[in-house]
Amino acid sequence: MHELGVISKIVESCELIARQNGASRIGYIKLEIGEASGVVSKYLKTLWTMGTNGTVLDGADLVIEDIRAIVKCNDCGEEFSLMDSADANHDKPCCPKCQSRLFTLTNEDCKKCIIAEVGAVD
Amino acid sequence: MMDEVKIIKLKESVLEDNNQDAQLLRDTLRSQGTCLLNLMSSPGSGKTTTLLALNKAFAGRLRWGVMEADIDSAVDANTMLEAGVPTVQLHTGGMCHLDADMTRQGIRALGLENAELIVLENIGNLVCPAEFDTGAAINMTILSVPEGDDKPAKYPLMYETCDMLVVNKIDTLPIFNFDKKRMEQCARARNPEIEIFYISAKTGEGVQELADALVRKVKEWNAK
């Protein structure tokens with residue numbers, strides 16, 4: 001829902017990175033987008049060209065790595081993908097083994113949107 | 001010839017600067033003795049009605065003000081002003097949440113000196129507001145009975161983020177299939193420390209307990 005805002009934050013960061021490295025533009029950027037971050041890769045890609053137009057990221061290749069949200073069942077300890085379970089159970093995720101709806105996220109990174117790597121061009 | 005590309009490895013969280021800015025705002029407010037409460041919920045859960053009910057129940061014990069954040073209109077702010085609560089209307093112009101800097105600007109616009117409590121009534125939305133730290137000392141969410149007991153399962157981050165969960169419209173419990181136990185289990189699975197209150201802002205049931213708890217929390221925060 002706020003992908004354009006996320007893009008403008010990425011642009012801000014990249015303008016700074018480019019300045020710090022004496023680069024005139026960014027050739028490519030790799031983002032890690034967590035499945036529980038609320039940032040939808042598809043929308044981000046759709047808005048990318050508009051949001052980066054005229055900035056150091058203009059024309060940069062965008063590489064997105066999705067970080068899976070893996071949860072652990074509080075009742076039986078089974079680990080499973082939150083999104084796969086949500087898809088399979090009409091948006092009400094539950095443990096595939098014991099059907100419990102109580103589970104805990106195992107990786108904090110899946111809540112984040114991270115700039116993992118940029119390629120700066122002189 | 002291709003330009004030389006310098007690869008820079010980072011691990012920079014895109015929202016990190018907002019997190020730092022929010023901490024800065026929280027520290028400033030603490031030094032001023034002001035407790036900021038970020039109130040979040042879906043549209044129509046009764047945020048404004050709850051604030052009106054709380055105003056009565058505070059019975060002048062707190063010097064407080066409200067920032068109403070909406071995409072547009074001043075309906076909520078007018079309602080609060082009519083009740084005599086200092087209020088400012090913030091327009092996000094289409095944005096789905098408030099961040100720390102927008103909150104800071106709102107506090108400035110409210111201009112309430114020596115406020116003990118400022119309530120930020122966030123945009124009605126269970127997704128985005130939970131992702132942006134506003135600098136609040138207390139995060140509170142309202143879940144109204146007609147929305148269903150599965151909200152904590154569907155919007156986990158909102159319940160992870162909140163210190164207080166207010167279940168509103170409990171006067172409608174007899175009409176809806178709302179399983180309190182299941183809702184509490186799911187909310188506590190997301191956040192074991194979450195404090196749960198049951199109220200009806202309309203009938204006033206449970207409002208006094210919530211108001212007393214808030215007064216206590218605000219005084220505690222401001223005494224630190």
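Predicted model: local features only at pLDDT ≥ 70, side-chain atom pairs only at ≥ 80, totals over all residues.

User: What is the phi of Asn114(B)?
Analyst: Asn114(B) is a residue other than glycine, yet its phi is positive. The value is near 55 degrees.

User: Is Ala115(B) buried or exposed?
Analyst: Ala115(B) is likewise found in the loop between α4 (100-110) and β5 (117-121) of chain B. The cut-off for a buried residue is 20 or more other C-beta atoms within 10 Å. Ala115(B) has 21 C-beta neighbours inside 10 Å, so Ala115(B) counts as buried.

User: Which residues are in contact with Ala115(B), leaving aside its neighbours within four places in sequence?
Analyst: Contact here requires C-beta atoms within 7 Å. Once the neighbours within four places in sequence are left aside, the residues in contact with Ala115(B) are Thr34(B), Arg63(B), Trp64(B) and Gly65(B).

User: What distance separates the C-alpha atoms of Ala115(B) and Leu37(B)?
Analyst: Along the chain, Ala115(B) and Leu37(B) are 78 residues apart. The separation of their C-alpha atoms is 12 Å.

User: Where is Ala59(B) placed, and is it buried or exposed?
Analyst: Ala59(B) is in the loop between α2 (47-58) and β3 (64-70) of chain B. Although Ala59(B) is not a glycine, it has a positive phi of about 50 degrees. Because Ala59(B) has 10 other C-beta atoms within 10 Å, its class is exposed.

User: What is the radius of gyration of chain B, and what would a compact globule have?
Analyst: Chain B contains eight helices and eight strands, and its C-alpha trace spans about 75 × 45 × 35 Å along the principal axes. A compact globule with 224 residues would have a radius of gyration near 17 Å, and the value for chain B agrees with this: 19 Å.

User: What share of the contacts in chain B with a separation of 6 or more comes from residues 24 or more positions apart?
Analyst: Of the 224 residues of chain B, 42% count as buried. Among contacts with a separation of 6 or more, the share from residues 24 or more positions apart is 76%.

User: Which residue is the bridge partner of Gly119(A)?
Analyst: β6(A) pairs with β1(B) in the antiparallel sense, over seven bridges. The partner of Gly119(A) in β1(B) is Ile7(B).

User: What covers the buried residues of α1(A)?
Analyst: Helix α1 of chain A (residues 3-20) has 18 residues and reaches 26 Å from its first C-alpha to its last. Its buried residues include Val6(A), Ile10(A) and Cys14(A). The cover of the buried residues includes β1 (25-34), α2 (41-52) and β6 (113-121) of chain A, together with β1 (5-13) of chain B.

Terms used:
Residues numbered from 1 in each chain as written. Chains lettered and ligands numbered in written order. Helix = DSSP H or I, 4+ residues; strand = E, 2+ residues; numbered from the N terminus. Rg over C-alpha atoms; globule rule 2.2 N^0.38 Å. Buried ≥ 20, exposed ≤ 12 C-beta atoms within 10 Å, placed from the backbone. Contact = placed C-beta atoms within 7 Å. Expected span 1.5 Å × (residues − 1). Pairing = 2+ DSSP bridges.
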